[in-house]
Amino acid sequence: SMRQCSQYVSEASHQMEGYGYYTLPMGTEYRGSLWDGMFHGHGELRRPTGGAYRALWERGLPTQGKYTFTDGLEFELEKWLYCDGYDRRFYTEITSGFKPPGIAQLTNLDPPKIIPKGCYDCGDGFYNPKTRIVVDYKRKFLRNADDDEHEWILRTCRKAWDLTPRQKSRLYSQ
């Protein structure tokens, strides 16, 4: 079995002090200031899938910060207007414009990822409802889904097509 562990790299010392890199077992990496083994000062948590949380940390807790998604969209807690009930455009449609009439954009990523059979695209990877495991788009383990996430994914996310053999033969004969 593969052993999951954390790793710390710094030029200054072997203790978690000063500026350094700290990689968590699931691949999330902290880059920034550390003090007494804690995130302290300016630092950034980078997700393996591409998003990042930049913050000012005080003794391991963020005092102010901002999350930026892989595509550059910045999360705003107070004035979050993205994908609300009035404007359903994807962020790439906001920044780059719409596709010509008749050409649909199914996801923010264009072209969208091909979802494995029986799975769902949950935004940062694929979810298998039978195993309740989320893997990233390169099929690397991300997390186990709890009951709330499982229900949300089934209710909300894009699913791989379920085609009958007859539908498949029609699709591939055209």
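1. The largest nonpolar core comprises eight residues, namely Tyr-120, Cys-122, Tyr-127, Val-134, Leu-142, Ala-145, Ile-153 and Cys-157. A nonpolar core is here a set of buried Ala, Val, Leu, Ile, Met, Phe, Trp, Tyr and Cys residues joined through side-chain atoms within 4.5 Å; buried means under 20% relative accessible area, exposed over 50%, and partly exposed in between (1.4 Å probe, protein chains only). A second, separate core has seven residues, including Tyr-22, Phe-39, Ala-55 and Trp-57.

2. The model is predicted: local features need pLDDT of at least 70, side-chain atom pairs count only at pLDDT 80 or more, and totals for chains, interfaces and linings use all residues. Residues are numbered from 1 along each chain as its sequence is written, and side-chain values use heavy atoms, with hydrogens and water left out.

3. Residues up to four places away in sequence aside, Tyr-120 is in contact (heavy atoms within 4.5 Å) with Ile-115, Gly-125, Phe-126, Tyr-127, Pro-129, Ile-153, Leu-154, Cys-157, Arg-158 and Lys-159.

4. Strand 7 (residues 120–121) pairs with strand 8 (residues 126–128) in the antiparallel sense over two bridges, and Phe-126 in strand 8 is the bridge partner of Asp-121. Strands (E, at least two residues) and helices (H or I, at least four) are DSSP runs numbered from the N terminus, and two strands pair if DSSP finds at least two bridges between them. An open sheet of five strands, with antiparallel pairing, runs in the order 10-9-8-7-11.

5. The largest pocket holds about 1,300 Å³ of space. Among the 33 residues that line this pocket, Asn-108, Cys-122, Gly-123, Asp-124 and Tyr-137 are the closest to its centre. A pocket is an open set of points on a 1 Å grid over the protein atoms alone, where a 1.4 Å probe fits, with protein on both sides within 12 Å along at least five of seven lines; lining residues have an atom within 4 Å of a point. Grid points are joined across faces, edges and corners, and the volume is the space filled by probe spheres set on the points.

6. Thr-68 lies in strand 6 (residues 61–68) and counts as buried because its relative accessibility is 19%. Beyond four places in sequence, Thr-68 touches Gly-51, Ala-52, Leu-73 and Glu-74.

7. Ile-94, in helix 1 (residues 91–96), is partly exposed, with a relative accessible area of 36%. Leaving aside neighbours within four places in sequence, Ile-94 contacts Tyr-82 and Arg-89.
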